[in-house]
Amino acid sequence: MDKKSKIYLYLIFGVVALMLFLEVITPQPLSWEESYTSGDKIPYGAFVLYDQLDDLFDQKVESIKEDPVSFLKKHKEDTNANYIFINNYLGFDKTELDYMLEFAERGNKVFVSTQSVTGAAGDTLKLASNKQYTYYEEDTVRVRLNNPVFENRSYIYKKGSSYRHFTSYDTTRTTVLGEVLPFEPLKGYIKNVFGENLESANDSTKSIVEKAIEKSKSRQVPQANFVEIKVGEGAIYFHLNPIAFTNYYLLQEGKEQYVSEVFSYLNDGPVFFDDYGKSGRRVVASPIRFVLNNNALKWSWYITLLAILLYFIFKAKREQRAIPVRKPLANSTVEFTKTIGNLYFQNGDVSGLINKKISFFQQKLRSKYFVDTERMDEVFIKRLAVKAGVSQDQTKETIEYINHLRKKPVHSEHELKQLNKRIEAFFKD
């Protein structure tokens with residue numbers, strides 16, 4: 001990597017590191033999402049509630065991170081226990097409700113706080129709640145519990161709350177424990193929305209106002225928002241103001257008393273807190289998901305990937321001229337040997353040819369069979385015969401003939417031919 005490329009690479013990593021550092025030191029905006037999970041410390045989380053449940057019940061509290069059916073199958077013998085569900089929406093199916101009813105029949109109690117009753121719970125328990133509507137950008141509700149022990153205390157919830165109540169329930173098996181109270185729902189509303197010229201408004205606008213006034217009449221009397229349904233030796237409780245159990249309100253002075261009063265109807269046994277059916281439940285907690293869920297970190301990640309991609313694209317460009325293809329040199333050993341042979345033959349130097357022939361033969365033995373040709377005695381002959389796969393008689397004949405020629409100072413053409421014949425026969429076999 002050249003110096004220029006290193007500078008670009010360091011620059012990219014420097015920018016990414018700076019962005020990550022700025023993201024770490026920048027205060028994160030407060031999230032107002034409704035979570036209701038036991039580990040969330042955001043305003044609408046349930047960390048404070050879950051942290052105080054063990055003191056409130058003086059019992060073991062367990063966070064349940066699996067669906068109700070799987071959990072209740074493992075607790076078929078439990079009695080005097082409590083199963084708490086809190087979320088802005090809880091839609092139990094028929095199977096889940098059947099297991100919850102069986103759980104309650106044994107003397108356990110199921111507490112459900114949600115904004116509406118739908119599905120199997122409404123059909124089986126004959127419960128129905130109103131559709132959500134608000135008159136203000138921030139709806140305000142006032143609630144109280146009916147038991148005289150609580151001295152008719154009421155509690156006001158504004159931010160994040162909505163006016164929810166039961167429109168029907170089975171009076172033969174349902175007891176009303178708490179109510180939502182009138183709280184001047186129309187005071188200043190029409191004036192704030194339509195101004196002073198209401199009389200000059202068109203028919204469509206007047207129709208909207210008439211509907212709002214008609215709906216507002218339902219707020220003129222207290223209406224049930226917390227009920228108890230007896231099931232065998234236990235009970236199921238439905239509560240329509242889940243926002244009361246969040247961190248935001250539990251940290252307000254006096255609001256923890258309402259939660260304590262609501263839970264006073266439950267058993268004094270073990271407490272199971274549902275952390276599965278939550279709006280803020282963490283499905284996957286991998287590092288990459290955390291990055292992609294954070295808007296600033298997500299764009300930092302995308303910019304990093306784009307920078308790396310661009311770097312490889314530009315780095316992949318050819319930075320030098322193409323090297324021409326050159327054919328390898330041809331093997332001229334054979335031609336060279338023929339040339340040398342012709343020179344010796346033309347000069348009539350038979351002895352020189354024999355000596356060269358013997359030298360080439362020894363060189364080939366050393367390179368092919370890895371033998372030492374300095375002493376070609378009986379031991380050498382036996383070893384060479386084994387390695388070359390040639391009979392010992394033929395090997396002995398060839399080596400002895402070569403030793404014979406090496407001792408002679410002068411040679412004839414016949415001896416040259418015999419030497420060549422024996423060498424070719426040795427390697428041919």
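Which element gives the largest share of the nonpolar patch? Helix 11 does, with 5 residues.

The structure is a predicted model, in which local features need pLDDT of at least 70 and side-chain atom pairs count only at pLDDT 80 or more, whereas totals for chains, interfaces and linings use all residues. Residues are numbered from 1 along each chain as its sequence is written, and side-chain values use heavy atoms, with hydrogens and water left out.

**View 1. A nonpolar surface patch on helices 10 and 11.** The patch is formed by Ile 288, Leu 292, Trp 299, Trp 301, Tyr 302, Ile 303 and Leu 305, with about 650 Å² of accessible area together. Patches are made of residues with over 30% relative accessible area and no salt bridge; like charges are joined within 9 Å and nonpolar side chains (Val, Leu, Ile, Met, Phe, Trp, Tyr) within 5 Å. Areas come from the Shrake-Rupley method with a 1.4 Å probe, and for residues only the protein chains shown count as cover. Helix 10 (287-293) and helix 11 (295-315) are the elements that give two or more residues to the patch. Helices (H or I, at least four residues) and strands (E, at least two) are DSSP runs, numbered from the N terminus. Leu 305 is placed in helix 11 and counts as partly exposed, at 40% relative accessibility. Buried means under 20% relative accessible area, exposed over 50%, and partly exposed in between (1.4 Å probe, protein chains only).

**View 2. Helix 4 and its buried face.** Helix 4 covers residues 94-105; at 1.5 Å a residue its 12 residues should span 16 Å, and its end C-alpha atoms are 16 Å apart, which agrees. The expected span is 1.5 Å times one less than the number of residues. Glu 96, Leu 97, Met 100, Leu 101, Phe 103 and Ala 104 are the buried residues of helix 4. Seen down the helix axis, these buried residues fall within an arc of 160°, so they line one face of helix 4. The arc is that of the directions from the helix axis to the C-beta atoms. The buried residues pack against helix 3 (68-73), strand 2 (82-86), strand 3 (109-113), helix 5 (119-125), strand 9 (223-231) and strand 10 (234-239).

**View 3. Val 231 in strand 9.** Val 231 counts as buried, at 5% relative accessibility. Leaving aside neighbours within four places in sequence, Val 231 is in contact (heavy atoms within 4.5 Å) with Leu 101, Ala 104, Glu 105, Arg 173 and Ile 236. The C-alpha atoms of Val 231 and Glu 102 are separated by 8.5 Å, with the two residues 129 apart along the chain.

**View 4. Tyr 50 in helix 2.** Helix 2 runs over residues 47-57. Tyr 50 has a relative accessible area of 23% and is partly exposed. Apart from neighbours within four places in sequence, Tyr 50 is in contact with Ser 38, Val 61, Glu 62, Ser 63 and Phe 273. Between the C-alpha atoms of Tyr 50 and Tyr 36, 14 residues apart along the chain, the separation is 9.9 Å.

**View 5. Helix 13 and the residue after it.** The 20 residues of helix 13 (residues 350-369) should span 28 Å at 1.5 Å a residue, and the end C-alpha atoms are 28 Å apart, which agrees. Among the buried residues of helix 13 are Val 350, Leu 353, Ile 354, Ile 358, Phe 361, Leu 365 and Tyr 369. Just after helix 13, Phe 370 takes a positive phi of about 55°.

**View 6. The salt bridge of Glu 179 and Arg 144.** The structure holds 10 salt bridges, each a side-chain nitrogen of Lys or Arg within 4 Å of a carboxyl oxygen of Asp or Glu. In this one the N to O distance is 3.1 Å. Glu 179 lies in strand 8 (residues 174-181) and Arg 144 in strand 5 (residues 139-145), so the pair ties together parts that are 35 residues apart in sequence. Glu 179 is buried, with a relative accessible area of 15%.

**View 7. The salt bridge of Arg 153 and Glu 261.** The N to O distance is 2.4 Å. Arg 153 lies in the loop between strand 5 and strand 6 (154-161) and Glu 261 in helix 9 (residues 255-263), so the pair ties together parts that are 108 residues apart in sequence. Arg 153 is partly exposed at 25% relative accessibility, whereas Glu 261 is buried at 5%.
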